[in-house]
Amino acid sequence: MSPATLYDAINTLLFLRWGGSGRLRQALVDSLDVRPGQRVLELGCGTGQVTARLLAAGAEVCAVDRLDDMLAASRRRAPGATFVRGDVFEAEIGTNFDRVVLSFVLHSSESAGRLRLLRRAAAALGPGGSIGVLEWALPAGPLAGAAWRALLARLEPAPAGTQQILDGALGQEAARAGLRIASHRPLAGGRVQLLVLTPGAERAAADQQRPAAGAAVAPTGGTT
Ligand SMILES: C[S@@+](CC[C@H](N)C(=O)[O-])C[C@H]1O[C@@H](n2cnc3c(N)ncnc32)[C@H](O)[C@@H]1O
């Protein structure tokens, strides 16, 4: 079984009880109020579960991932997107996006990396833009919490970042990246969190000062 197929299978099983993993991704897209023609940057697109839903909402999507197998699955699922094979920290992604999506990607890094990625996402936004984050969370109750923590410690290839996120690291990191939490809600019985982040007051004031920027930024290098 390829890593992409395994990824989708685990996701399906993990969230079966809460209506399936697709419901989580759809909630993310809905929370961002994506409109036809908007430009969306997706960092760490994996098998394209969010990518396809962004396209269905009418967005123009630029999706980045470093793994060929994931990109191949994503391309099959969302052929209308532009794909960039590369590192989310380094890839040429351009600016002026209406939305940036980070779906189950922040936990791959520890605090310094997450902060860097949140800042990168913020810098890629155009005026009025927002960032959607889907991440692990800890359900209420000691037994449910301990069981979920133990399961993710076994499942996740990046256990340290995952445990920090379970411990609530994201709120402070978003603030340090100059982002405001516009909304934050639990999904899947508290096992997942959905955040919408917007630039804080400083960036919003700077956006008001600058003339409207030209749109379209074609990614360069590594486009597949
Ligand atoms: C857990 S999967 C999430 C995939 C998808 N966003 C979703 O919601 O199903 C994380 C994805 O991010 C990619 N990824 C993690 N760190 C990355 C990095 N530094 N550069 C590029 N891709 C990265 C992985 O290859 C993987 O496909």
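The ligand here is surrounded by 17 residues, and the closest are Gly44, Gly46, Arg66, Val88 and Ser103; a residue counts as near if its C-beta atom, placed from the backbone, lies within 6 Å. The elements giving two or more residues to this shell are α3 (49-56) and β2 (60-65), where helices (H or I, at least four residues) and strands (E, at least two) are DSSP runs numbered from the N terminus. Keep in mind that this is a predicted model: local features need pLDDT of at least 70, side-chain atom pairs count only at pLDDT 80 or more, and totals for chains, interfaces and linings use all residues. Residues are numbered from 1 along each chain as its sequence is written.

**Ligand shell**
- The shell divides into nine nonpolar, five polar and three charged residues.

- Leaving aside residues up to four places away in sequence, Val100 touches Leu41, Leu43, Ala121, Ala124, Leu125 and Ile131 (C-beta atoms within 7 Å).

**Helix α6**
- Helix α6 (residues 142-155) reaches 20 Å from its first C-alpha to its last, close to the 20 Å expected at 1.5 Å a residue (1.5 Å times one less than the number of residues).
- Of the 14 residues in α6, one is buried, leaving the helix hardly covered.

- Strands β6 (residues 179-187) and β7 (residues 192-199) pair in the antiparallel sense over eight bridges; pairing needs at least two DSSP bridges.
- His184 stands opposite Leu195 in β7.
- Four residues lie between the strands of this hairpin, and Ala188 takes a positive phi near 50 degrees.

Technical notes
Ala, Val, Leu, Ile, Met, Phe, Trp, Tyr, Cys and Pro count as nonpolar, Asp, Glu, Lys and Arg as charged, and the others, Gly among them, as polar. A residue is buried if 20 or more other C-beta atoms lie within 10 Å of its own, exposed if 12 or fewer, and partly exposed in between; C-beta atoms are placed from the backbone. Two residues are in contact if their C-beta atoms, placed from the backbone, lie within 7 Å.
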